Amino acid sequence: MSENKIRKSTEKLDEKIGEYCVRELSLASEGRKLIDWAESRMPVLMSLRKELSKTKPLAGFTLAGSLHVTKETAVLIETFAAAGAKVSWSGCNPLSTNDAVAAALVEAGHSVYAWYGNHDDFYWCIERTIDHKPNLILDDGADLINTLHLNHAEYSKNEIIGGTEETTTGVHRLRKRGEAGQLYFPVYAVNDVETKWDFDNVYGTGQSTLDGIIRATSVLLAGKKFVTAGYGHCGKGVALRAKGMGADTIVTEIKATAALKAVLESHNVMPMEEAAAIGDVFCTATGVKDVIRKWHFEKMKDGAIVCNTGHYDCEINIPELEELSLSKRTIRPNCEEYIMKDGRRIYLLAQGRLINLAAAEGHPSEVMDMSFANQLMSQLRLVEAHKAGTKLERIVLDLPEEQDQFIAGKKLEALGMGLDALTYEQKFYIDDFNAGT
Ligand code: ADE
């Protein structure tokens with residue numbers, strides 16, 4: 001058995017070799033109720049499921065996914081299955097799996113390898129999904145795609161039709177791989193469509209991050225100095241919601257235009273070096289490592305709370321926090337108290353991992369409805385091209401505007417909101433280059 005075949009964890013898990021590995025199958029009925037709840041709030045995905053279950057365009061295809069195992073992801077997985085695909089799945093973060101949902105998926109016959117707290121076997125789980133010989137790949141953070149490239153290069157070049165990537169940092173890395181000529185199959189940038197980033201990243205991250213901070217701490221946010229690092233789409237959502245809760249918001253940025261937007265959206269802007277000394281709650285949302293490090297911990301006030309909502313757990317330099325501290329203890333779930341050498345206390349939430357998934361339930365179903373409709377439609381696009389014999393370029397590919405409009409239209413319809421349409425004269429007027437004042 002090669003190394004990657006051996007599971008490291010000695011925890012008690014429910015496992016059937018070649019089929020699944022989850023925390024506890026007896027949680028399945030609890031998980032099924034959560035999935036039912038999510039389905040009732042994901043009308044776009046459910047309407048696509050209804051259509052695709054008749055035509056089964058994914059019959060004969062096997063899809064491996066690496067994405068947070070939540071109730072919303074379960075709705076996506078079961079939609080792929082309804083469309084005819086065989087599915088194998090792993091989480092994309094050690095602290096984001098909902099164990100009850102994972103159990104319900106296994107009970108329904110899906111091959112899921114994921115459990116909350118999976119630090120040691122994260123890549124083992126990814127490898128197990130690859131054992132199912134997928135030809136379609138769905139990723140969130142590019143760990144599955146990277147594993148395929150590093151450990152299964154020939155298989156990736158010859159057998160994989162294509163992939164889709166969910167998140168900003170994942171798309172960024174894969175674009176670099178593509179530009180270097182080292183991407184072995186085409187990947188659609190699902191993150192970059194408007195019905196994903198302009199809703200999921202802003203409103204989804206905004207609400208679920210605040211939810212995670214509150215569940216982990218129960219602190220009052222009104223009147224607190226709340227520091228958001230990064231004012232991309234996610235940071236913007238976090239700062240917006242923190243302000244809505246009555247916090248005095250501070251944004252740190254490296255990009256002048258983003259910083260200026262933050263100012264005009266009524267946040268204070270300053271370097272982290274200054275913010276460190278006055279902040280009560282810190283949340284990183286940058287995609288970059290060491291955003292909060294030794295230098296900043298040294299300046300923080302007693303009682304400062306630090307967390308991250310970016311994809312990877314490198315934004316807060318935890319080894320440096322450990323170095324500066326004398327001791328630590330768990331105060332409550334997802335809240336670690338570090339006692340510094342000078343007696344100050346700093347609280348780290350969710351081990352610096354995605355606070356919204358580790359301490360709460362991730363983005364609400366309503367917003368994942370659109371993100372996952374995009375995932376589904378992008379996978380269908382890969383299959384359509386394959387069936388038509390069209391060779392897609394082995395780079396990160398952008399999705400067409402029409403997919404966005406289709407999904408937004410369906411969402412509006414589900415919300416019972418109508419659209420206006422241009423008259424014939426208006427259409428003519430817009431394109432008439434002779435028209436003037
Ligand atoms: N990413 C953020 N929130 C999520 C959710 N609820 N399900 C899956 N992926 C997510």
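User: Which ligand atom lies 2.9 Å from a polar side-chain atom of Glu72?
Analyst: This is a predicted model, where local features need pLDDT of at least 70, side-chain atom pairs count only at pLDDT 80 or more, and totals for chains, interfaces and linings use all residues. Residues are numbered from 1 along each chain as its sequence is written, and side-chain values use heavy atoms, with hydrogens and water left out. At 2.9 Å from the polar side-chain atom of Glu72 sits a nitrogen atom.

User: How much of the ligand's area does the protein bury?
Analyst: Accessible areas come from the Shrake-Rupley method with a 1.4 Å probe. Taken alone, the ligand exposes 260 Å². The share buried by the protein is 96%.

User: Which elements give two or more residues to the shell around the ligand?
Analyst: Helices are DSSP runs (H or I, at least four residues), numbered from the N terminus. The elements are helix 3 (71-82) and helix 16 (365-387).

User: Is Thr195 buried or exposed?
Analyst: Thr195 lies in helix 9 (residues 194-217). Buried means under 20% relative accessible area and exposed over 50%, with partly exposed in between (1.4 Å probe, protein chains only). Thr195 has 3% relative accessibility, so Thr195 counts as buried.

User: Which residue's side chain makes a polar contact with the side chain of Thr195?
Analyst: A polar contact is a pair of N or O atoms within 3.5 Å; within protein, one must be able to donate a hydrogen and the other to accept it, and residues adjacent in sequence count only if both atoms are side-chain atoms. For Thr195 the distance is 2.4 Å, and the partner is Asp404.
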